[in-house]
Amino acid sequence: MDLNALRTNHPDHWSKATAIRALTLDAVAAANSGHSGMPMGMADVATVLFEKHLKFDASAPHWPDRDRFILSAGHGSMLLYSLLHLTGYADMTLEQVKNFRQSGAITAGHPEFGHATGIETTTGPLGQGIANAVGFAMAEEILRAKFRRKLVDHYTYAIAGDGCLMEGVSQEAITLAGRHQLGKLIVFWDNNNITIDGPVTLADTTDQPLRFKSAGWAVIEIDGHNPEEIDAAITKAKSQKKPTMIACKTHIALGHAAQDTSKGHGALTDKDQMAAAKAAYGWTTGPFEVPSDVKSAWEAIGAQGQTARSEWEGRLAEMSENRQRQFNRVMAGEPAKRIGATVRAFKKEVSETLPKMATRAASEKALAVLNPVVSESVGGSADLTGSNNTKTDDLGVFDIDNRGGRYVYWGIREHGMAAAMNGMALHGGIRPYGGTFMCFTDYARPAMRLAALMKIPTTFVMTHDSIGLGEDGPTHQPVEHLAISRATPNTHVFRPADAVETAEAWEIAFTSTSTPSVLSLTRQGLPTLRTEHKMRNLSAQGAYVLADATEKRQVILIATGSEVHLALEARTMLEADGIGTRVVSMPCMELFADQDEAYRRKVLPAGPVRIGVEAAVRQGWDQWLLGERGKSNKADFVGMDGFGASAPAGELFEQFGITAANIVAKAKALL
């Protein structure tokens, strides 16, 4: 690579791109940690994008109609931090850049949503960013159909590396975007042929341009260091009616001794090599010093979107007050006002009619009344619509010829679905929910974890939640998955016992602003247990007394979901023998843990024997059986200690001892 030719032929561009490279070298050296090579290699692409194409205003980072820029290759975080600092984002001060990867700084090792403005999503786990970007682009399409081009008309750009494209989720994301012809999605591939272990060819020989073309993308191949080619490629990509991949042939760690080597991927901290690289760049200032004319040029780039933003604000002001209020509400993530009243009316009807139904069916009925109220909801399923019961009649199907549709057929792409839903939630204006079998949380897990980490209210509808799904057998019967989801911080895991609790779970999910929800729902029919209508959302307390002892209280049965009715049957048997028994329904352990100690003590007082009942493994239950004033010699668990089997559901519950009779036997053994 002839650096002198680049400097000579494109001096203005070169000085701005070099500022990114220099800040990257300085920050990584100061931290003695980080990834230098990718920001150095993609600085030219980023400079052209921000200067000539990206619609943004650094002084208004939350402007709803801004273009979204996603750094899928999140290890190259200094590229993003440099851009945010240089363009004038108020919170990305030079001090923050100097404290890269240090305690308390917003410049974390990988970009984290919520740490700094301008970071659209948390990236680092490779492949997540490009899959998020698909969700961002889908959200833009849906909102443009709803609010029209005057208010919603922007692009989603993402930078992805070889690691992103090797991860399996990228294939799910790429084929989904191609199928839906997301023409406002543009992905830059940092084609530098280097991974940590060495050349990409050590592990992969995929023809990436052909791969994208086969998935329905437009592909443009360019020199990733030539600003004219970069500019022309982006201009062409913006005119496409399908997503575009711009293959940018680059040199990792450009201009450094480690250029084009695996060492260039990581932290470049050798002082002499840094000095030599800066000399090759023609960069003469000290560490973290950006010449005033270069910084001013970048700040002008950060301000050039102010006119577009002002014009957009004028268009918003021309809308009716109701239209403005609706737009502002959904973009702010404020829950619809009628959710509570709608759920209360639904609960009252259920308590009066006492239907017996699977909680997946109850979920569908709750959604049928909620989706018209929550106009920003977007549902979907990973090829299990009829099993997950996630589609209601009013939604319409999102497709090429119906961008306003609110239901997505995700295909067999559990991971891609979950990650794209995160992108929708992050974009704003959308409340996404999507379904698959509870067992396949395994496939969606990385995105579910990131939803919790990012504090976004994505809702994961997981049906067929136990051995109760029956004949499909142990490959499809989740036993450990509740424990895995409950072990994830900032996650609400709901396992409702009937249609009333299911509706209450949806109310909490649709009003949450910072916590994802997992709804664990049954295939098999369950009786209505909440026969007395309560205005209050009892599930919001996490656990509550469903039926109390009539005799002296000696036993407390704590159950969730499809096992609550078994606990009630066991209570009837125990009470008939003069053993006072309380039944506690615990639809959400996390919310119960959040209650004050006085309430928890009221529900779980000291003294009585405690039996936990759930068709899953015991892990996580001892908090309630042995803790909270419980004792090991007065506690037991009725559930699973291994995998399930292929048989009808009723036979399986008998086979594994998840029965009222076994609950009674265990309780009596402890008395």
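1. Rings of Phe, Tyr and Trp (its six-membered ring) count as a pair if their centres lie within 6.5 Å. By this rule the count comes to 19 aromatic pairs. The model is a predicted one.

2. Tyr-433 and Trp-506 make an edge-to-face pair, with 5.3 Å from centre to centre and 75° between the planes. This pair links distant parts of the chain: Tyr-433 belongs to strand E10 (residues 431-437) and Trp-506 to helix H21 (residues 499-511), 73 residues apart. Tyr-433 counts as buried because its relative accessibility is 0%. Trp-506 is likewise buried, at 0% relative accessibility.

3. Phe-437 and Phe-440 form a stacked pair, 5.9 Å centre to centre and with 15° between the planes. Phe-437 has a relative accessibility of 6% and therefore counts as buried. Phe-440, with a relative accessible area of 15%, is buried, since the cut-off for buried is under 20%.

4. Elsewhere, ring pairs join Phe-50, Phe-56, Phe-69 and Tyr-89 into a cluster.

5. On helix packing, helix H3 (residues 37-53) packs against helix H10 (residues 227-237) at an angle of about 55°, and their axes are 9 Å apart. That angle makes H3 oblique to H10. The crossing of H3 past H10 is right-handed.

6. From H3, the contact is made by Asp-44, Val-45, Val-48, Leu-49, Lys-52 and His-53. From H10, Pro-227, Ile-230, Asp-231, Ile-234 and Thr-235 take part. Sorted by class, the contact of H3 with H10 has 6 nonpolar, 2 polar and 3 charged residues.

Definitions and conventions:
Residues are numbered from 1 along each chain as its sequence is written. This is a predicted model: local features need pLDDT of at least 70, side-chain atom pairs count only at pLDDT 80 or more; totals for chains, interfaces and linings use all residues. Side-chain values use heavy atoms; hydrogens and water are left out. Axes are lines fitted to C-alpha atoms, for helices over the stretch in contact, and angles run from 0 to 180 degrees between N-to-C directions. Helices (H or I, at least four residues) and strands (E, at least two) are DSSP runs, numbered from the N terminus. Angles under 35 degrees count as roughly parallel, over 145 as roughly antiparallel, 65 to 115 as roughly perpendicular and the rest as oblique. A crossing is left-handed if the near helix is turned anticlockwise from the far one by less than a right angle, and right-handed if clockwise. Contact means heavy atoms within 4.5 Å. Ala, Val, Leu, Ile, Met, Phe, Trp, Tyr, Cys and Pro count as nonpolar, Asp, Glu, Lys and Arg as charged, and the others, Gly among them, as polar. Rings of Phe, Tyr and Trp (its six-membered ring) pair if their centres lie within 6.5 Å; planes under 30 degrees apart count as stacked, over 60 as edge-to-face and the rest as tilted. Buried means under 20% relative accessible area, exposed over 50%, partly exposed in between (1.4 Å probe, protein chains only).
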